[in-house]
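Biologist: I would like a close look at a single part of this model. Please keep to what can be computed from the atoms.

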Amino acid sequence: MTQTLSPGAPTEPQGPSRRTFLKWSGVAAGVAGLAATTDLGMPDPAQAASTEGLADADRTVWSACTVNCGSRCPLRLQVKDGTIVRVLPDNTGDDTLGNQRVRACVRGRSIRQRIYNPDRLKKPMKRKPGTKRGDEQWEEISWDQALTEIADKMKEIKAKYGNEAFYVQYGTGTLGSVMSCSWPPNATPQARLLNAFGGYLDHYSDYSTTAITQAYPYFYGAWVNSNSFDDVSHAKLQVMFGNNPLETRMSGGGHTFVTQEIKRKHGVRTIVIDPRYSDTSVALGDEWVALRPGTDAALIAGMIYVMVEENLHDQAFLDKYCIGFDEAHMPEGAPVNSSYRSYLEGKGADGVAKTPEWAADICGVPAATIRRLAREIANAKPAAITQGWGPQRHANGENTARAIFLLACVTGNPGIPGGGTGAREGAAGLAIANPFYTELVNPSEKIISCFSWLDAIDHGPQMNTFNAGVGVKPKPGVRALKVPIDENMQPENTSLEVPIKAVFQYASNSLVNQTGNNNESVTILQDESKCELIVTTDIMYTVSARYSDYVLPGTSTSEEFDYHDGANGGPMAYGIVSEQAIEPLYETKSIFDICTELAAKLDIEQEFTGGKSREDWLRLTIEESRKKDPELPTWDEWKKMGIYRRNAGPVIAMKDFREDPQANPLSTPSGKIEIYSERLAKMAKVWEFGVFRPVLAGDVIKPLPEFVATWEGALEAQENKDYPLQVIGHHFKGRTHSTYGNVKMLKEAHTQTAWMNPTDAEQRGIKNGDAVYVFNERGTVQLRAYVTQRIIPGTVSIPQGAWYKPLPSADFSLPKGADGKHPVDIGGSVNTLTSLHPTPLAKGLPSHTVLAQIAKAESGALEKIEDVYYKPYSANAAGISKED
Ligand SMILES: Nc1nc2c(c(=O)[nH]1)N[C@H]1C(S)=C(S)[C@@H](COP(=O)(O)OP(=O)(O)OC[C@H]3O[C@@H](n4cnc5c(=O)[nH]c(N)nc54)[C@H](O)[C@@H]3O)O[C@H]1N2
Ligand SMILES: Nc1nc2c(c(=O)[nH]1)N[C@H]1C(S)=C(S)[C@@H](COP(=O)(O)OP(=O)(O)OC[C@H]3O[C@@H](n4cnc5c(=O)[nH]c(N)nc54)[C@H](O)[C@@H]3O)O[C@H]1N2
Ligand code: SF4
Ligand SMILES: [Mo]
C-alpha cells in the first residue's frame, strides 16, 4: 500500500544516503544567493527572468505546508536524484486581491530542514518493557510486530471497557490535508479506523478556541466569523483585540498580505489592544493600547459606560436585534436589574458602577484613554472590530469573547460592510466534500471537551455534564452547544461510564507539551494502571513521543499526495493538490497505510478502506465537491495546476440577519443576539465546581458578558507576593506550535526568550540576554530574557510551543521560591508553568492565565541552555537509530 511515484517505481523505503543529501544540501545552500528566490526572502525581481531554483533539478512538484498556522501555502519542491534540493514558493497569481500569489513564510521555506531532520522517526519503536513512560529507552521493532501488539491490546481494552475507552487525541500537525488529516478529530483516518472498530470517545472544541467556541451559542447562536480583512477598506476604524495576523497568519499571499495591502491603499486607522506590542501593532497599528492580560471585559465595560453616558451607543440596533442590553429588552422571567445596562450602572449584584476609573484600575489603561477610545469607536461608523484568540485563551475566556462581541453590537456593526461581529475575521473558501470521513459514523454518543482527556484518564467515570462538561455528540460538522437542554431550557446531565484507556495521537504534540502543566501531565501519564495504551504517529521524535508506548514513523507531506484547503483572510478562495515529491524516507508510512494495516490485524480492513485506495478517495473527494461546485477543476486538472484560485469577494458576516432578522433568525432561543443568556442563567444554577479541583476565583457562569476576576488574573497578580507576574505565551513566528521547533536555522533566527518590561527586569537585576528562571508552584523553566518596551509592565510572554526538556533540579542553583520538586525545563516550554484547571463553561485551556516569578540564573546557565537548545532532541534517547 506504499504510495509510489509512478507504477514501477521502487516501493522500498529509501532514505537519501548521507552523501547524496550532503551533496545536494551543499549545492542548494551554495546557489541560494544566485537563484531567483532565496530561502528566506521574496522573489528578487532583478533575477525573476533567470532560471528559478536549481537549473539541473530532475523535476519540480507542487507540494504544500500543511501545519496549523491558519495559512496554507503551496510549495514547489525541486527534486534531484530522489532528494528534495530546493524549496520554491508559488509562482502563479499576482499581487492583486483575489488573485494573490501565495508566498510561503520562513517556516515553509525551511521545510527541507524538517523533512531531512536528525529527529525524524525512522522505524517503529516500542518502550522497553520495565521502563517508565518518559525514560526514553526504546526498542526498534518491525511494523508487523508493532501493529500486531497494538491490535491485540486494542481487543483486550475493548473487551474489558468497551469502545468509549478509546480516545483520538487533539492534533493539528496536518490539519491542512484530507487523506492525512489530523483535525478535526472525527475527520481523521484514526477516527475512521475506530469507527469501524465500534467507536471511540470524541471531543468537542479545539485548543485554539475552546472558550469562544462554547461562548458563541449563547450569544450569536452558533459560530460566526467577522467580515474578511479586505472589507476593512470600507471601515472608518479598525480595532483588533489580541489579534496578531502578521505573526499568526504569515503567508505572504494571505492575511499578512491582505491586511497590509488594505492599510497601504486605504490607510484605515488601526488600534491594537494587546499586552504586547505585537508584529501586527508594529506593521498596522496607529495606536497600541497595552492592557493587562485577561481584562478586556473590564476595558469594554468602561468604554460602554462612556458610550451610554454620552448617548453614543446604537440603541436602535440593540432594540431591534438584541435582547438583554436594558431592562426593557429582557427575556420573560429574568430577574430585575439583570440587564447589561444595570450591570454598568451598578444596579446589579456587585453594586459597582463600571466607570472608566473602575476599569482603569483593573486593566491598566488610563481612564482618560478609555473615554477617548469609547468616543472614537462609537463615532467611527462603521468600525471593524475583531478579536484574535489570545483574549479567550484565559481562565474565564468565555466572558471575554462575549464582551468583545458585545462591543461590536453596542456600536451597531454586525452585518454591514466595513463593520463586523467582534469575532475573528472570515475569509472566502471552497466547499470541499469529505466522503472518506462522512461515510462511517461514530456509534458512541458521549463527547468531552478537548481539554478534559487527562481528567478522563484519571477519573473518567466520575465525570458528568455538570461537573466536567461531558456532552452528547453533535451532528457532524456542527460546532454547537454540547450540553443537552430540554424543552424548558433545563440542562440535562450525562455521565461518562469508563475512563480513557487508550490514546491514539497522530500529528500531535499534545500528549505533553501543547496541553498544559507538563509536569502534572507526565505524572498522570506515568501511572500505567490508568492509561494502558498510548500510540503516537509523527514524523519527529517529539516530546509527546517520549511519553508513548509505541511510536510509529509517519511520512511527511512531501512523501505523500493530497488535497489542501487554502486560507487567506480575504476574497480569494483556493485549494492545492500536492504531488508526492520523494519516496517515503526510512521505514515511514502514511497514516492511511498505517490504519489500513492495523485494520487488517483487527479484521476490519474492508470497512476501513471501503475497498478504495488513497487516490480513489481523493478523486471521489474532488468529484463530490464538483457536484456542488462544477467550476472546480477535476482531480487530474488540479494536479497539473497545483493551486486553483478564484475571487469570491469579501465576506460580510451576518448580512442576512441584519437585513431581515425575522426571516433569518439566529439559532438562539430568542432568535436574536443574546447579551443576557437565559440558558447560561439556568446552567449557572446546576453547574458544579470544585468536584475534582479546588474552586478558584472566576469559576462561575455569568448570563452577561461581564468582567470576572479570576484565579491568577490581573487582580491576583497585584496581591501575590510570591508570583506577581502574569505570564502569557504568544504564538510565535519561529514555530507553528512545536512544529518547525527543531529546525536549527529557525532557532537561530527566532530565539526562545521570555519577553519582559525593563521595569520588571531592573527590579530583578536582569539584563537583556541574561539567562533567567521563570517559576511557580507548577514548574520552573530556564531560558533567556528579552528585555523590551514591547510588553506591558507586570506581564511576561514566553512564546508557546518550545520543546519541554526537563533536567533534574539538583543540577541547578534554584532561586528562592522555585521548589526542587519539579525538574527544570531547559527547553523553555510555557506549558511547564500553565495549569490544567479548566475554564468554567467550555472546560477549556486557560493557557494565557498564569502567575509566576522571574529570577536571574547562575553563571554558566546560558551556555547550558545553548548546548541543549541546538542539539537534536533525539540525541540522548536510547535505542533510536541516529543519523549515520
Ligand atoms: N501554553 C499554550 N499552549 C498552547 C497554546 C497556547 O497558546 N499556549 N495554543 C494551543 C493551540 S491554539 C493549539 S492549536 C495547540 C497545537 O498543538 P498540536 O496540534 O499538538 O501542535 P504541534 O505542536 O504543532 O504538533 C503537531 C505535530 O504534527 C507533526 N507533523 C507536522 N507535519 C507533519 C506531517 O507532515 N506528517 C506527520 N505525520 N506529522 C506531522 C509535528 O511533528 C508535531 O509533532 O497547542 C495549544 N497549546
Ligand atoms: N507563527 C505562528 N502562527 C500561528 C501559530 C503558531 O504557533 N505560530 N499557531 C496557529 C494557531 S493553531 C492558532 S489557534 C492561532 C492563534 O492565534 P491567537 O490565539 O490569536 O494567538 P495568540 O498569540 O495566542 O494571541 C494573539 C495576541 O493576543 C495577545 N493576548 C494574550 N492575552 C490577551 C488578553 O487577555 N487580551 C488581549 N487583548 N490580548 C491578549 C497576545 O499577546 C497575542 O499578541 O495562530 C496560528 N498561527
Ligand atoms: S507555516 Fe503557515 S504561513 Fe508559513 S509556509 Fe507554512 S502554511 Fe504558509
Ligand atoms: Mo490553534
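Which order do the strands of the open sheet of six strands have?

Modeller: The model is predicted, so to speak of local features requires pLDDT of at least 70 and side-chain atom pairs count only at pLDDT 80 or more, while totals for chains, interfaces and linings use all residues. Residues are numbered from 1 along each chain as its sequence is written, chains are lettered from A and ligands numbered from 1 in the order in which they are written, and side-chain values use heavy atoms, with hydrogens and water left out.

The order is 5-4-17-16-15-6, and the pairing is mixed. Strands here are DSSP runs of E with at least two residues, and helices are runs of H or I with at least four, numbered from the N terminus; two strands pair if DSSP finds at least two bridges between them. Strand 5 (138-140) and strand 6 (166-168) each have a single partner strand, so these edge strands are each left with one side without a neighbour in the sheet. From one strand to the next, the twist averages 20°.

Within the sheet, strand 4 (residues 125-127) is antiparallel to strand 17 (residues 550-553), with two bridges between them. In this pair, K126 stands opposite Y550 of strand 17.

Helix 4 (residues 143-161) lies across strand 4, strand 6, strand 15 (502-506), strand 16 (533-538) and strand 17, where contact means heavy atoms within 4.5 Å. Helix 4 runs at about 130° to strand 17; axes are lines fitted to C-alpha atoms, for helices over the stretch in contact, and angles run from 0 to 180 degrees between N-to-C directions.
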